[in-house]
Amino acid sequence: QVDVVESGGGLVQPGGSLTLLCAASGSSFRISAMGWYRQVPWKQREMVAEILIAGKATYADSVKGRFIISRDNDKSTVTLEMNSLKPADTAVFYCNTVNGSQVGNYWGPGTQVTVSS
């Protein structure tokens, strides 16, 4: 089981940057891939970025070149650096474990990101 708490969200103007932090606890972090996901009202949760145990990262097409996911297995943290933010990035961001295509069942509180002028 991995429990996560997300932080770092806030209000930022278009073109700005924001870094999100996922702090994890539990016994499975070091043997699990991790991902960042986001959700807006009336839409399905969307994969933003995922990172394997050894650090290989994948990104949604909409954020490639703008976002960077990283992890520190010793500290059990996952970071999402977001640059060149757009209003379309506005969402609640969550992190979670992912095994293949299956995302973990235990979601943290999420952190709100609002991109607006």
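Which residue's side chain meets that of Glu 46 in a salt bridge? The side chain is that of Arg 38, with N and O 2.9 Å apart. The points below concern a predicted model.

1. The salt bridges. The structure holds 4 salt bridges. Arg 38, which pairs with Glu 46, also forms a salt bridge with Asp 89, where the closest N and O atoms are 2.9 Å apart.

2. Arg 38 has a relative accessible area of 7%, and because buried means under 20%, Arg 38 counts as buried. Asp 89 is buried, and so is Arg 66. Glu 46 has a relative accessibility of 31% and counts as partly exposed.

3. Glu 6, a charged residue without a salt bridge. Glu 6 is in strand 1 (residues 2-7). Glu 6 is buried, yet the nearest side chain of opposite charge, Arg 45, is 7.7 Å away and there is no salt bridge. The side chain of Glu 6 does reach the backbone nitrogen of Cys 95, at 3.0 Å. A polar atom of this side chain also lies 2.7 Å from the backbone nitrogen of Gly 110. Residues that Glu 6 touches include Leu 21, Trp 36 and Phe 93.

4. Gly 110. This residue lies in the loop between strand 10 (102-103) and strand 11 (111-115). Gly 110 is buried, with a relative accessible area of 15%. Gly 110 and Val 92 are 18 residues apart in sequence, but their C-alpha atoms are 5.9 Å apart in space. Gly 110 touches Val 92, and its other contacts include Glu 6 and Tyr 94.

5. The sheet that holds strand 1. An open sheet is formed by 4 strands in the order 1-3-8-7, with antiparallel pairing. Its edge strands are strand 1 and strand 7 (67-72), each pairing on one side only. Strand 1 is joined to strand 3 (residues 18-26) by 6 bridges. Among the bridge partners are Val 2 and, in strand 3, Gly 26.

Conventions:
Residues numbered from 1 in each chain as written. Predicted model: local features only at pLDDT ≥ 70, side-chain atom pairs only at ≥ 80, totals over all residues. Heavy atoms only, no water. Helix = DSSP H or I, 4+ residues; strand = E, 2+ residues; numbered from the N terminus. Buried < 20%, exposed > 50% of the residue type's maximum accessible area, 1.4 Å probe, protein only. Lys, Arg positive; Asp, Glu negative; His and termini not counted. Polar contact = N/O pair within 3.5 Å; in protein donor to acceptor, adjacent residues only side chain to side chain. Contact = heavy atoms within 4.5 Å. Pairing = 2+ DSSP bridges. Lists of a residue's contacts leave out its neighbours within four places in sequence.
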